[in-house]
Amino acid sequence: MFNLHLTPEQLEIRETVRDFVQREIKPIALERDRLEDFEQRFPWEVLDKASQMGLRTLALSEALGGAGADNLTSCIVTEELAVGDVGISATLGQTSALAHAWFDRVMNAEQRARFLPQFLADHRFHLATAGHEPDTDLGWSYHRPPVPGAAYKTTAVRDSNGDWVINGVKNFITSAPIAKLIAVHVRTGSAKSGTLGTSSFLVPNPTPGLTIREHDKVGRRLGSNGELVFQDCRVPGANLLGEEGKSYWAAPNMGRRMPRFQAMNLGIGRAAYEAALEYAQMRVQGGRPIVEHQAVGMTLANMAIKLEAARSLTWQAAWASDHGEAYADGSLPDLPLQIIAKVFTSETIQQVVLDA
């Protein structure tokens, strides 16, 4: 059953990453966040050091050259990085998670042989997945299950020589401007022929016909986020990831995946709480630090309680995502624990940050 007793390896990884955040991320985060120029702002030197530590390949199996970390360990690392900066955490967390999903699970032998050596040899080889499009995902239907990718307007059409030609736009894609390999989720086939579906293609960056523009967003400014425009972008048939019409992105188990974004939110909340606590211990009012004033002390205590509750839900969801058998034998409730953690953590972190 779910065990909160971390292994010696998990404790060591947590302390190593926490020290890295203190030494390498926190000293530059605020200054870089204020820079307008993306090239000056983006912290390549920090990401290079993190990759050398193995954080870029954290979840990739040991057999393929990674650390083989489970989802709980990955969430612990994601939270620690987000305490320093959520953009850096998002970049490393996504590349690590996608490396495991693609190289360990979805790629065929030929694709793995083609892309894995490049990925392992280059500390700046990051990964992205492109699903979101303008004017999509704007609603939710509670009385019927969602159909992932059903609203995709980006299409791929097979040419006579077997290549696929992609046309369309994707936006708000994490790490797209810096990624060297992108999985693009598109609409293929037609309803008339009964082949309509969602397929995924591996698109190296750069590729002729693909234009990528950096989004300058308010948040995650030490990360990267961009818009992709495909204009007759041609990719080989061998770059189809998984089966045609059955994108791995639309796989089952929604609500039971790794709660990576919840861990990032937790890191944001913890950073806010720690800053508030430090200030309350330093600020003197009425002859004593304000942390000793009941109203302030109670507020900080409630923040700490909320963070611990959010962490417990996130860790349980992370452990459950690696132990599907715990759902099957009734050890865990038949509920989407990732979604539960998402709702609770989002609301909790918003309140913690406002209180901070």
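Are Phe38 and Phe42 buried or exposed? Select both: Phe38 is buried, and Phe42 is buried as well. Here "buried" stands for a relative accessible area under 20%, "exposed" for over 50%, and "partly exposed" for values in between, computed with a 1.4 Å probe on protein chains only.

Before continuing, note that this is a predicted model, in which local features need pLDDT of at least 70 and side-chain atom pairs count only at pLDDT 80 or more, while totals for chains, interfaces and linings use all residues. Residues are numbered from 1 along each chain as its sequence is written, and side-chain values use heavy atoms, with hydrogens and water left out.

**First stop: aromatic rings**

Keep Phe38 and Phe42 selected. Their ring centres are 5.3 Å apart and their planes lie at 35°, so the pair is tilted. Rings of Phe, Tyr and Trp (its six-membered ring) pair if their centres lie within 6.5 Å; planes under 30 degrees apart are stacked, over 60 edge-to-face, and the rest tilted. With Phe42 it makes an edge-to-face pair, with 4.9 Å from centre to centre and 70° between the planes. Phe42 and Trp44 are both buried. In the whole structure, a search finds 5 aromatic pairs.

**Second stop: strand 1**

Select residues 126–130, which form strand 1. Helices (H or I, at least four residues) and strands (E, at least two) are DSSP runs, numbered from the N terminus. How many of the 5 residues of strand 1 are buried? The count is 5 of the 5, so the strand is largely enclosed by the rest of the structure. His126, Ala128 and Ala130 point one way from the strand, whereas Leu127 and Thr129 point the other way.

Next, show residues 179–188, which are strand 4. Strand 1 and strand 4 run parallel and are joined by 5 bridges; two strands pair if DSSP finds at least two bridges between them. Within this pairing, Ala130 stands opposite Val184.

Select Lys170, in strand 3 (residues 164–174). Lys170 is buried, with a relative accessible area of 0%. What does the side chain of Lys170 reach at 2.5 Å? It reaches the backbone oxygen of His185. The backbone oxygen of Gly131 is also reached by this side chain, at 3.1 Å. Such polar contacts are pairs of N or O atoms within 3.5 Å; within protein, one must be able to donate a hydrogen and the other to accept it, and residues adjacent in sequence count only if both atoms are side-chain atoms.

Now display Tyr152. Lys170 lies over the face of this ring, at 3.8 Å from the ring centre. A charge sits over a ring if NZ of Lys or CZ of Arg is within 6 Å of the ring centre and within 35 degrees of the ring normal. Another example is Arg56, which lies over the face of Phe119 at 4.4 Å from the ring centre.

**Fourth stop: backbone angles**

Most residues other than glycine have a negative phi, and most peptide bonds are trans. Select Phe172, also in strand 3: its phi is positive, near 55°. Phe172 is partly exposed, with a relative accessible area of 42%. Then move to Pro206, in the loop between strand 5 (197–204) and strand 6 (210–214). The peptide bond from Asn205 to Pro206 is cis, with omega near 10°.

**Last stop: salt bridges**

Side chains of opposite charge can pair when their charged atoms come close. A salt bridge is a side-chain nitrogen of Lys or Arg within 4 Å of a carboxyl oxygen of Asp or Glu, and the structure holds 26 of them.

Select Glu80. Glu80 is buried, at 3% relative accessibility. Which residue of helix 7 (residues 260–282) pairs with Glu80? The partner is Arg270, so parts that are 190 residues apart in sequence are tied together. The salt bridge spans 3.0 Å from N to O. Glu80 also forms a salt bridge with Arg18, with the closest N and O atoms 2.8 Å apart. Glu80 lies in helix 4 (residues 71–84) and Arg18 in helix 1, so this pair ties together parts 62 residues apart in sequence.

Finally, show Glu15, whose salt bridge with Arg18 has its closest N and O atoms 3.8 Å apart.
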